[in-house]
Each structure stands twice: as structure tokens, then as C-alpha cells.
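Thanks for asking me to look this one over. Here are my notes, point by point, with the model itself shown first.

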Amino acid sequence: MTSQIAPPAPTGTPSTGYRLRWAGLAVILAAEVMDLLDTTIVGVAAPAVRQDLGGSDAQIQWITASYTLAFAVLLITGGRLGDLFGRKRLFVLGAAGFTLASVLCAAAPGAGTLVAARTVQGLFAALLIPQGLGLIKAMFPPKELGTAFGLFGPILGLSSVLGPTLGGYLTGADWFGLGWRAVFLINLPVGLLAVFAAGRILPADRPARSTTGTGTGRIDPVGVLVLGLAVLLLVYPLVQGRELGWPLWTFLSMAASVPTAWLFTVQQRGVLRRGGTPLIEPSLFGKRAFVSALATGLVFFAALSGLMLVFTLHLQLGLGWTPLHAGLSMIPLSIGVVVGAVLSGALLAPRYGRRVLHLGMVLAAAGALGLWATVDGADGLTSWQLAPALALAGLGLGLIMAPFFDIALAGVEESETGSASGVLNAQQQLGGSMGVALLGTAFFGWARTDGFGHAAGLTYGLVAALLAAAFLIAFLLPRQARPDGEGH
């Protein structure tokens, strides 16, 4: 289908970029919006889902968890498939499948069916999302990459607020009697537009050859299974552990993920010796910028996810605010993210590189500490009292986005881009799951003995500590994505 409407091969030189690159970026960001909305919007609708469909506590939890787990397990494979079969083709396939799965979610007659449809949604998201970073790197000249990556910040911030706010509104408004089903149907117009626009706008690309020069162009099924098992053993207990009270099997499962990951590396070396195509390009882990970015990002995204979780839990469980009220209270955070991302991508990151990332971490940590000072021991709070610290944290988070992705992908070769994008996206999911597990457990533990306000304050202190750790790890990153800020 896409070959009939695909534009010619990308036009422009490396210094000028693809001529429709900004329209292509808008298509990629639309896909990011769909994913981020589905990550945040469903939790608000869960009580209405249970009232309508019934289902056990575990089934209701899995309406969210099944998407996250399926997404995380297939992310790296999805990125590698883009390398082997073309990123545009995988993007269109992922967007179409994601949209269809959203319709199946809206039509689900029972909780079990909804969980199955959410799993399918997560699998197609894993085909869709990793292609974005690779397509951006292919479309934009080096001097514009920082600006392009910087636009991810506003999208992350706005979607994180829009998700719960929109979910609460659609569920309560009950348009056409749809109730909670409308939170899935909202993907239909966005998804159809993304599929159509991707076919018309995104550049046609050819499968990339492995950097080993011996790749067969075929996906490694054994590697997919072993890597999927390693991710499953780690992510599943992180998703479910807090809800279940951390039984012994959760720790055994996480421990078992380590030898399984080692088994994957052994299996991948065997694939290389036989002249096959590895699922993850081994050359990636010889690149200082990429490996350092993985470590930095793991800690950073754990802090970010933990901050978002604890903030919404405190407002709703501790203060009794509605989901809509809590979502609107996060607007200062989103404004800060937008301002920080624009400043970073357009002005600061190309010139100052890693120092902008460090500045962002300092400001985000200061915002988290400001939240601690605001909420700890306070009898009553208003949205206005929270706004200054939220805006400061958002400004810091926005500053981080552009230099992080630009530095992480700066030295990645064309044939490695899909694999690198899958690994980076998987790292975000893993970091987010770890942050939710660690900080969510700490928050509820302190809340049982000290109350929600004090628990939230202490957890914001942990967020600041994680950001301080990310600040130190980031010294391992290169000072600039490129020596002259424009390219190698």
C-alpha cells in the first residue's frame, strides 16, 4: 500500500536535509501523542471500566499493565525490524495496527477482552514508536537535530497533562453514551491521519545493511524470544510487584533476568559467527556516548516517572482532588517543559551541549525539593501554591530533552539507528517502571505511617536524589553531540 503513495527517495544533502522534514516531524510527534495518551489516559477511566465490565482487581490492573509490558518486550525488536525492512514501512504498519487495536479496545465486551486488545495495542506501539528517532535522524541535517529532538519535550509535557485531564473529561461527559470507551476512540482520527500522512510525507527508505557486513537481512527469532524473556522477567515484577506487596517470586524473577540477558549476549555472538544479523548491533556498546546515555537516561526516566506518579497520587488520594483538578494543576509543569525544550533545542543545546543537560537536572532537582518544602506538613494546598516548584521542575525537564537524544544518537551509524532507537525506548520504559516501583513503594510505605503529605515530601526528596545521581553519571557523556555543533 505505501509503495504506491510513497514520495521519491529523500531529497537534499546532509547539510540541507529532507525537504518535508518538518511535516514529517509533525507526523512522528502525532504517533508519540497516541502512545503517551494511552499510557496515561486509561488509569483515570479504570473505575468506570470496572463498573461497566466488572472483572477482578488483577484484570483491572492489567488494563494498564498489559500495554506497558507488551510495549517493553517488543521495543528492541521493533527498532531492529525498521532497520531490516524500512522504517517508513514499519511506522505505517504500527500506526495502522495501533489504531485498529484502539477500536477493538473501545468495542471490548468484557475485561478479559479489553486486556487482550490492550496487549495488541502495546505490540503495535512497539513497532511504531522506535521508528521515530531513526526517521528524524535521517530527515534532518546535523545542525537542526537539536531543535527537532527538543520538540519531544513539549509533547511529553503536554501529553502527560492532557492524558488524565482528557480521560476524566471524556469518561464523565459520556458523549453519545460511550462513557469510558471514548478514551480509546480518541485515537481513531489521530491514527488515521498519521497513517495517511506518513504514506504521503515520510521519506522512502531502504533496509540498512548491518555494520558487520555479513547480515542476512532476516530477523533472528531465537534472539527475539530470549530477549523478550529477559525483558519480561524484569519488567513484569516491576509492573505488578507494588500492587501485590512484593512477594518472593518478584525478586526471583528480576534476579533471573540477569542470566537470561547474559544468555542473549552469548546467543547474539553465535549469530554473528554464523554470518547472521544480530538483533542488537554489538558495535553500539562500543560507543561511549550511547552507553553513557543509556545509564544517564535509566536514572533520569526513573525520577521523571516517579515524580509524575507521586504527584497525582498525592493530589487525588491525599487531598481528595478529582482527576480533572489534578490534571489541570500540572499545567505549570507543562508550561515549564515547553519553555525549557524550546530554549534548549533552538538556542542552548547546539552551543553548550552537555552543560545544558546538567543545568536541566539541577533545576529539576530544585523543583522537586521545592515541592517537598511546599507539601510537607501542609494542612491544605491550592494549585497556586504548587505552581512555582512545578514550573521550575518542568523548565529543568524541558532543558534535558534536546541534548539527551542528540548526544545519545550523534555517533550512531545509519545501519545502527533502528537498533539504537529500540534500545533507547526500551531504556525509557525500563527506567519508568523502576521509578514507579521504587518511588511508588516508598510513597505508600511512608503514607501508612506518616500520612500522604509527609510521604509525598520524602518521595520528592528521593526524586531529587535520583536527579543528582543522573547529574553525576552525565559527566561520562561527551561535552557536545558534535565537535562543532553541526556535524562530524
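1. Asp52 and Arg181 form a salt bridge, with 3.5 Å between the closest N and O atoms; the term stands for a side-chain nitrogen of Lys or Arg within 4 Å of a carboxyl oxygen of Asp or Glu. Asp52 sits in helix H2 and Arg181 in the loop between helix H8 (152-173) and helix H9 (182-185), so distant parts of the chain, 129 residues apart, are linked. Helices here are DSSP runs of H or I with at least four residues, numbered from the N terminus.

2. A word on the basis: this is a predicted model, where local features need pLDDT of at least 70 and side-chain atom pairs count only at pLDDT 80 or more, while totals for chains, interfaces and linings use all residues. Residues are numbered from 1 along each chain as its sequence is written, and side-chain values use heavy atoms, leaving out hydrogens and water.

3. Asp52 is partly exposed at 46% relative accessibility, whereas Arg181 is buried at 18%. Buried means under 20% relative accessible area, exposed over 50%, and partly exposed in between (1.4 Å probe, protein chains only).

4. The structure holds 2 salt bridges. Glu144 also pairs with Arg21 in this way, at 2.7 Å between the closest N and O atoms. Glu144 lies in helix H7 (residues 142-150) and Arg21 in helix H2 (residues 21-53), so the pair ties together parts 123 residues apart in sequence. Glu144 is buried at 17%, and Arg21 is buried at 13%.

5. Gln267 belongs to helix H12 (residues 248-273) and is buried, at 15% relative accessible area. Beyond neighbours within four places in sequence, Gln267 is in contact (heavy atoms within 4.5 Å) with Asp220, Val222 and Gly223.

Terms used: Helix = DSSP H or I, 4+ residues; strand = E, 2+ residues; numbered from the N terminus.
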